[in-house]
Amino acid sequence: MTTTDIKENNKASITEIDNLSKNIKIEARNIDVFYSEFKALKDINMNIYENSVTAFIGPSGCGKSTFLRCLNRMNDYIDGFKMKGEILIDNKKIYWKNVVVEELRKQVGMVFQKPNPFPKSIFDNVAYGIRIQGVKDKKFIEERVELSLKQVALWDEVKDNLKKGALALSGGQQQRLCIARTLAVEPSVILMDEPTSALDPISTAKIEELLFELKKQYTIVIVTNNMKQTARIIDMTTFYYMGELIEYDSTKNIFTKPKQEKTQNYITGRFG
Amino acid sequence: MTNATKNRLIDKTFLMFGILATLFGIVILCIFIGNIFADGISRLSFDFLESLPSRKPEKAGILTAWTGTLWILGLTTLVAFPLGVGAGIYLEEYAKKGWLSNILEINIANLAGVPSIIYGLLGLEIFVRVMGLGGSLLAGSFTLSLLILPIIIVSTREAIKAVPKSIKEAAFALGATKWQAIWSQILPASMGGILTGVILSISRAIGETAPLIVVGALAYVPFVAKSPMDEFTVLPIQIFNWVSRPQHGFIVNAAAAILILLSITFVMNGIAVYLRNRWQKKVKW
């Protein structure tokens with residue numbers, strides 16, 4: 001099957017999804033990514049829909065994290081990084097030369113694989129993103145911190161210890177703190193790079209519940225290797241292999257009737 | 001002899017050698033300090049600290065020398081700290097990796113190994129003559145700043161490198177500019193390491209003699225420096241001057257001055273160790 005065929009196929013199946021908003025939040029057109037000589041992504045085309053959870057799956061090194069990090073321009077600082085093509089968020093080109101990267105990242109938040117709270121207090125962690133925008137209003141900051149911690153269901157666990165160092169929290173709590181920190185700057189898109197891979201099953205379950213709540217307000221793009229997670233909470237799934245987008249469809253279709261052999265092999269655990 | 005016993009013998013031999021090698025340095029240092037103590041402790045008094053230099057050993061003191069050393073310490077810190085840390089931050093966080101930054105890097109590493117007297121000659125030409133600062137405290141501390149800049153730059157870069165990348169990424173992902181990430185996250189997390197490097201290099205600077213003699217620090221200064229433009233002397237020069245005199249009294253004076261210089265160095269190293277420990281306790285990744 002040729003690439004064009006694959007594209008046609010993807011388009012077809014996407015139109016079959018009824019329960020999702022059809023508003024396109026993120027649009028990627030002909031994305032090629034190079035790290036110096038190495039071509040990490042080959043001609044990626046896809047639309048990501050508003051208020052959905054879209055997953056990127058695939059064996060390590062397939063380019064899924066690279067693509068994720070293109071969406072908030074986190075690759076900009078990597079030596080040798082080059083991108084061709086166009087990414088649009090809310091119909092605005094994010095790689096346009098007049099785009100203020102800091103503004104983009106406020107709108108497109110990111111949660112990392114390993115919880116990475118700042119070595120500061122819980123409160124200061126959540127307040128950081130607002131404070132660097134120059135907000136001084138104490139009451140406003142306090143309210144925002146409380147709201148964000150409530151959104152990730154961490155408030156009750158930490159409300160008496162907001163001054164405590166964030167590094168004293170458990171791994172799962174740290175990751176929820178990192179999500180709260182991201183929510184505090186009011187993004188509309190949240191990128192997550194294997195957010196539960198370093199966590200125990202109970203913490204993982206809590207974050208999954210959280211994702212279910214968050215997708216009502218936010219567009220979530222998540223890189224994951226947790227197949228069960230994908231099937232449980234994720235609307236759309238994209239399978240990457242060797243820098244190529246192999247298949248993009250509703251999670252249900254990907255898991256029950258994948259069109260590509262590679263996808264089927266990966267899902268059933270025959271490789272990767 | 002079996003192989004096993006032979007190997008054990010080699011093992012023991014190396015152990016003995018290691019112990020001897022370790023003891024060697026410590027024993028020599030102890031003998032040296034003991035000797036200086038025996039000679040100099042009787043001369044240590046407030047009088048000694050408060051007296052100006054004199055031709056008579058029993059009247060001579062180190063007031064001008066230790067105040068000069070403190071001046072140099074303060075001025076050198078003021079000059080070298082911002083320049084060194086600034087350059088370190090630039091090279092580590094801003095400079096694009098390429099041949100230019102490689103050349104800079106190699107040169108800075110090489111500069112750290114240039115003999116101090118060369119820096120003295122450089123200081124003499126640039127600060128004393130071209131800038132017209134004369135044999136002043138300012139010329140002396142500029143020269144010493146040049147001497148320790150490479151060390152500060154290298155230790156700043158090492159300290160910044162030790163901060164996990166994930167912290168920087170977290171700040172960027174929240175919309176921080178580079179400077180905001182550096183100022184609010186990277187510097188606080190690396191400050192312990194940076195300060196340790198700065199303090200150790202400055203404690204090296206205050207022990208320097210050669211470059212200061214070249215830029216014109218005097219052995220005999222009959223007044224306490226009041227401004228950075230004044231002429232000056234420092235403890236190592238005073239000591240050097242005294243040990244080259246024939247009278248026994250001056251040898252005793254030199255021993256006492258060495259005790260003062262050593263204690264300044266020890267206190268500074270102590271602060272450096274304290275900062276490092278405090279920093280390691282505070283920041284755990």
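What covers the buried residues of α4(A)? I started the notebook with this one.

**Conventions**

I am working on a predicted model, where local features need pLDDT of at least 70, side-chain atom pairs count only at pLDDT 80 or more, and totals for chains, interfaces and linings use all residues. Residues are numbered from 1 along each chain as its sequence is written, and chains are lettered from A and ligands numbered from 1 in the order in which they are written.

**Entry: α4(A)**

I took helices (H or I, at least four residues) and strands (E, at least two) as DSSP runs, numbered from the N terminus. I call a residue buried if 20 or more other C-beta atoms lie within 10 Å of its own, exposed if 12 or fewer, and partly exposed in between, with C-beta atoms placed from the backbone. On that count α4(A) is mostly covered, with 7 of its 10 residues buried. I listed the buried ones as A:Ile122, A:Asn125, A:Val126, A:Ala127, A:Tyr128, A:Gly129 and A:Ile130. The cover over them includes α5 (138-151), α6 (155-158) and α7 (171-184) of chain A. For contact I used C-beta atoms, placed from the backbone, within 7 Å.

**Entry: the contact between the chains**

I found 19 residues from chain A and 17 residues from chain B in the contact. On the side of chain A that touches chain B, the elements giving two or more residues are α3 (101-107), β6 (108-111) and α4 (122-131) of chain A. α3(A) supplies the largest share of that side, 3 residues. I then sorted the side of chain A by class and got 9 nonpolar, 4 polar and 6 charged residues. In this sorting Ala, Val, Leu, Ile, Met, Phe, Trp, Tyr, Cys and Pro count as nonpolar, Asp, Glu, Lys and Arg as charged, and the others, Gly among them, as polar.

**Entry: the sheet of chain A**

I looked up the strand order next. An open sheet of 6 strands runs β6-β7-β8-β3-β9-β10 in chain A, with mixed pairing. β6 and β10 (244-250) of chain A are at the edges with a single partner strand each, so one side of each has no neighbour in the sheet. From one strand to the next the twist averages 20 degrees; axes are lines fitted to C-alpha atoms, for helices over the stretch in contact, and angles run from 0 to 180 degrees between N-to-C directions.

I count two strands as paired if DSSP finds at least two bridges between them. β6(A) pairs in the parallel sense with strand β7 (residues 189-193) of chain A over 4 bridges, and A:Gly109 stands opposite A:Ile190 in β7(A).

Is strand β9 (residues 236-241) of chain A enclosed by the rest of the structure or left open? I found 6 of its 6 residues buried, so β9(A) is largely enclosed by the rest of the structure. A:Met236, A:Thr238 and A:Tyr240 point one way from β9(A), while A:Thr237, A:Phe239 and A:Tyr241 point the other way. Strand β3 (residues 53-57) of chain A pairs with β9(A) in the parallel sense over 4 bridges, with A:Ile57 opposite A:Phe239. β10(A) pairs with β9(A) in the antiparallel sense over 6 bridges, with A:Thr238 opposite A:Tyr248. The hairpin of β9(A) and β10(A) has 2 residues between the strands, and A:Met242 there takes a positive phi near 50 degrees.

**Entry: positive phi in loops**

I noted A:Ser36, whose phi is near 55 degrees, in the loop between β1 (24-35) and β2 (38-49) of chain A. A:Ser36 counts as exposed because it has 10 C-beta neighbours inside 10 Å. I also noted A:Asn91, with phi near 70 degrees, in the loop between β4 (81-89) and β5 (92-93) of chain A. A:Asn91 has 8 C-beta neighbours inside 10 Å and so counts as exposed.

**Entry: core**

A nonpolar core here is a set of buried Ala, Val, Leu, Ile, Met, Phe, Trp, Tyr and Cys residues joined through C-beta atoms within 7 Å. The largest has 137 residues, and those with the most contacts inside it include A:Leu191 and B:Ile148. Helix α6 (residues 137-161) of chain B gives the largest share of this core, 15 residues.

**Entry: chain B**

I get 11 helices and 0 strands for chain B. Of its 285 residues, 38% count as buried.

Technical notes: Two residues are in contact if their C-beta atoms, placed from the backbone, lie within 7 Å.
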